[in-house]
Amino acid sequence: MAVMRYRLTFVAGLALGYVLGTRAGRERYEQLKKSARQVAQNPAVRNTAETAAQQGRVVAGKAFHAVSEKVGDHVPDSVAERVRSLRERNSNGAVEDDWGTSNT
């Protein structure tokens, strides 16, 4: 009988903790979501993110050229063909970087 009472109390505590935790968790989640949206819409943050993306593309292009100079003809034909197809696929007038992807 004492074991049953203990289990019942334990299960009731778990249920109450779950309900209160999910309610508090959902409210906190909504607060974080709202804050993240405000930060993402900040013009300074957007400009910084765009600048970082552009710098990343420049660095990636330099790394691509450095690696391709050292690797040379050691790249398997399947990889070389994939890179060529990615470059050719972007023929819709969008600006293209050294990786064969658009700079958008």
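Here is a short briefing on the structure above. The model is predicted, so to speak of local features takes a pLDDT of at least 70 and side-chain atom pairs count only at pLDDT 80 or more, while totals for chains, interfaces and linings use all residues. Residues are numbered from 1 along each chain as its sequence is written, and side-chain values use heavy atoms, with hydrogens and water left out.

**Overall build**
- The protein has 3 helices and 0 strands, where helices (H or I, at least four residues) and strands (E, at least two) are DSSP runs numbered from the N terminus.
- Buried residues (under 20% relative accessible area, with exposed over 50% and partly exposed in between, 1.4 Å probe, protein chains only) make up 6% of the 104 residues.

**Helix α1**
- L14 lies in helix α1, which covers residues 2-41.
- The search of the whole structure finds 1 salt bridge, meaning a side-chain nitrogen of Lys or Arg within 4 Å of a carboxyl oxygen of Asp or Glu.
- E30 and R26 meet in a salt bridge at 3.0 Å, N to O.
- Both E30 and R26 lie in α1, 4 residues apart, about one turn of the helix.
- In an α-helix there are 3.6 residues a turn, so residues three or four places apart point the same way.
- E30 counts as partly exposed because its relative accessibility is 32%.

**Helix α2**
- The 29 residues of α2 (residues 43-71) should span 42 Å at 1.5 Å a residue, and the end C-alpha atoms are 41 Å apart, which agrees; the expected span is 1.5 Å times one less than the number of residues.
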